[in-house]
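Please work through the exercises below with the sequence and the model at hand. Each task is followed by a solution in steps.

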Amino acid sequence: MTTDRPVDDPACTPVRPRTRAVRAGIGTDPAHNAVTPPIYLSTSYTFDRLDQRGRYDYSRSGNPTRDLFGEAVAALEGGSVGCVTSSGMSAISTTVLALLPAGGTLLAPSDCYGGSWRLFDALDRSGRLKLRLVDFSDASAAASAIAEGADLVWLETPSNPLLRITDIAAVTASAHAAGALVVADNTFAGPVLQRPLEAGVDVVVHSATKSLSGHSDVVAGVIVAADAERGADLCWWANALGATAGAFDSYLALRGLRTLHLRVAAAQTGAAAVVELLTSHPAAHAVHYPGFGSIVTFEVADRAAVDALLDGLHLFCLAESLGGVESLISHPATMTHAAMPESAQAAAGITDGMLRLSIGIEDPADLVADLRAGLDRI
Ligand code: PLP
């Protein structure tokens with residue numbers, strides 16, 4: 001019997017991203033030749049002698065299970081190092097702390113994820129950084145905001161919840177010309193649909209809680225740097241801050257990652273069917289969908305219409321989050337973006353009649369029927 005060779009064995013022919021995701025760590029168990037890599041829960045690793053230590057010593061600093069997931073995401077994003085953190089927010093806070101000099105200027109999207117906005121705003125109010133917000137989908141507004149000076153440019157595209165698109169390569173080129181580093185939160189599109197590092201971005205962050213793990217049972221994050229030295233520095237910060245993820249979460253996330261490409265394809269088929277319904281139904285006033293991905297945002301008349309639609313949905317759970325196998329519906333104004341005051345919500349284009357869907361992998365016909373019944377109730 002032969003043992004499968006690991007896909008990252010230099011002697012192997014390079015494989016495509018989908019194969020890479022499926023095969024991450026498969027057939028690499030040195031102890032028993034287990035096909036699926038084992039989970040290493042131990043906090044500590046024995047030193048052979050005082051001057052002779054193995055690759056791992058303490059699990060906050062390094063863990064074999066966590067490393068497999070980080071390496072797999074880094075390979076999918078086309079980066080050098082993947083640092084796995086305890087949440088998307090810890091990936092974001094670690095990255096900001098590591099890359100932004102004290103008192104530096106952070107230029108972020110006006111409609112970024114509400115939790116990112118809350119963190120950036122709090123750091124600004126406490127004098128740790130200067131936050132400026134801009135609509136990066138408006139190329140001239142983005143160019144003049146960058147020209148005014150920034151140390152770190154933060155991108156999130158498609159944006160949340162309006163799914164506005166930023167020209168990553170153009171913004172990155174002008175940010176670099178102005179001497180700023182660029183970070184992209186790639187949670188929404190993910191590496192199957194969009195690889196910001198290929199467009200010149202310096203660092204990608206993820207909420208791995210979403211489509212990377214894909215089953216709504218893990219809270220985790222990933223930081224991937226294009227440059228190996230910067231990646232090592234970010235991992236150093238994640239360890240110093242205690243932001244690294246646990247082994248069990250990393251194990252579940254790696255398990256979910258194996259089906260990422262299949263889940264993304266199925267969810268996109270469902271999203272296309274839902275968009276077709278929404279664009280033809282008179283109760284849906286506006287539909288925001290960039291033409292790819294599994295997130296669809298739409299607007300109904302007002303809060304009363306929202307309540308009528310929600311009351312009786314069977315297949316869309318009223319819940320925050322996205323990117324799982326099950327479909328969800330959320331009300332950004334009172335849920336994901338509740339931390340934003342009304343003025344910031346208005347500036348970001350968030351209305352009271354806005355709903356965001358995360359399309360799962362159920363049969364699209366069932367999702368359409370459930371949503372049509374909801375729209376008919378308005
Ligand atoms: N970035 C985006 C785009 C998100 O949607 C989220 C969570 O919804 C986060 C970051 C934060 O991730 P986590 O909830 O894993 O901390």
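The model is predicted: local features need pLDDT of at least 70, side-chain atom pairs count only at pLDDT 80 or more, and totals for chains, interfaces and linings use all residues. Residues are numbered from 1 along each chain as its sequence is written, and side-chain values use heavy atoms, with hydrogens and water left out.

**Exercise 1.** Locate the domains and describe the contact between them.

Step 1. The domain assignment, which is automatic or from a database, gives domain 1 (17-257) and domain 2 (260-376).

Step 2. Taken over C-alpha atoms, the centres of domain 1 and domain 2 are 26 Å apart. Domain 1 brings 33 residues to the contact and domain 2 brings 32 residues, where contact means heavy atoms within 4.5 Å.

Step 3. About 2600 Å² is buried between domain 1 and domain 2, and carbon and sulfur atoms give 70% of this area. Buried area is the accessible area (1.4 Å probe) that two parts lose on being put together, summed over both. On the side of domain 1, Pro161, Leu162 and Leu163 lose the most area to domain 2, together 21% of what that side buries.

**Exercise 2.** Determine how many salt bridges and polar contacts join the two domains.

Step 1. Ten residue pairs are in polar contact between domain 1 and domain 2 (both at pLDDT 80 or more).

**Exercise 3.** Identify the surroundings of the ligand.

Step 1. The ligand is surrounded by 14 residues (a heavy atom within 4 Å). The closest are Met89, Asp185, Ser207, Thr209 and Lys210.

Step 2. Oxygen atoms of the ligand are then examined. One lies 2.6 Å from an N or O atom in the side chain of Thr209. For the side chain of Lys210, the corresponding distance is 2.7 Å. A backbone N or O atom of Gly88 is 2.9 Å from an oxygen atom of the ligand.

Methods
A polar contact is a pair of N or O atoms within 3.5 Å; within protein, one must be able to donate a hydrogen and the other to accept it, and residues adjacent in sequence count only if both atoms are side-chain atoms.
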